[in-house]
Amino acid sequence: VIAYQMLAGEPPFTGQATELLQLHMDAPPAPLRDKRRKVPKRMAAVVMSALAKSPADRPASAAGFASAFRATSEGTGALLRRAFALYIEHFPKFLRVTLLTYLPLIVLQAVLLIVSAMRPGEANTDTTVTARGINFTASASGPLEFALSIVTFFANFIINAFIIGATIRLVTQLYLSPLRPLQVKTAYLAVKKRLKPLLWTLFISSVRWILGLVFFLIPGIIMFIRYSLAGPVVMMEGLKGKAALMRSKTLVKRCWRSVVVVLLLQWAIPMIAGALVAAPVA
């Protein structure tokens, strides 16, 4: 209501107290752009969604509303500059979260390498560079290697989900309490509480966009973009499964340019870094 009044110059409803209560319960507010045409369409849509009668149509939290409103008021460039500034300022914390979380996977892959190397006369390992890092896939010719490969695959999925959740928790704290010191332990505890719905939601989204990518290339890419905010929705709004995926689609539609740019950077930077590391070896 305050955002509406600041942009339109008047509140969405006027009248006596009882009349105002009835209007807030039953009457739809006048579209914001009818009051002031200069308000951007996406910004007006965010404000109007916050005034929706159904709670399911409104942002789930004040932080969610603030993030959506900020995304419509600032350009993609401003958002990226802020993100890079936060990451550089708190780089040790983010690096610590990544290293500590990846430690079990590093151990698993080291064991996989040792077991594979102990098989005489066979190829040891193939090194592949993925968008999220360097993975070692053993020539799973033996049952032990095969079992370790399966365990590594699922461990990689769980660890990536854990890193997504922890990063979201840390970034959320930076926005809500910028002067409070970042606590890695607090982020881990927050992810632990939401780990099951986070894993389930990311599993559903992964299956959907992979199937779409296999059978229909373009729809698979579109689904990947639409579901890219499922992790933040689970961590910040408490939704899960299909509800989180639908919410992700709604949020992406509001700021799809920013989402596409961030996804390109998220996948391009590790690939470029991996290529630079692999170039001297080749």
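Biologist: In which helix is the place of I210?

Modeller: I210 sits in helix α9, which covers residues 184-215, where helices are DSSP runs (H or I) of at least four residues, numbered from the N terminus. This is a predicted model, in which local features need pLDDT of at least 70 and side-chain atom pairs count only at pLDDT 80 or more, while totals for chains, interfaces and linings use all residues. Residues are numbered from 1 along each chain as its sequence is written, and side-chain values use heavy atoms, leaving out hydrogens and water.

Biologist: Why does I210 count as partly exposed?

Modeller: Buried means under 20% relative accessible area, exposed means over 50%, and partly exposed lies in between, with a 1.4 Å probe and protein chains only as cover. I210 counts as partly exposed because its relative accessibility is 40%.

Biologist: Is R247 buried or exposed, by its relative accessible area?

Modeller: R247, which belongs to helix α12 (residues 241-254), is buried, because its relative accessible area is 10%. Contact means heavy atoms within 4.5 Å, and, leaving aside neighbours within four places in sequence, R247 is in contact with R58, P59, A60, V233, E237, L239 and R254.

Biologist: Which residues touch the most other members of the largest nonpolar core?

Modeller: In soluble globular proteins, nonpolar side chains tend to be buried together. A nonpolar core is a set of buried Ala, Val, Leu, Ile, Met, Phe, Trp, Tyr and Cys residues joined through side-chain atoms within 4.5 Å. In the largest one, of 22 residues, L170, V191 and L198 touch the most other members, and α9 gives the largest share, seven residues.

Technical notes
Helices (H or I, at least four residues) and strands (E, at least two) are DSSP runs, numbered from the N terminus.
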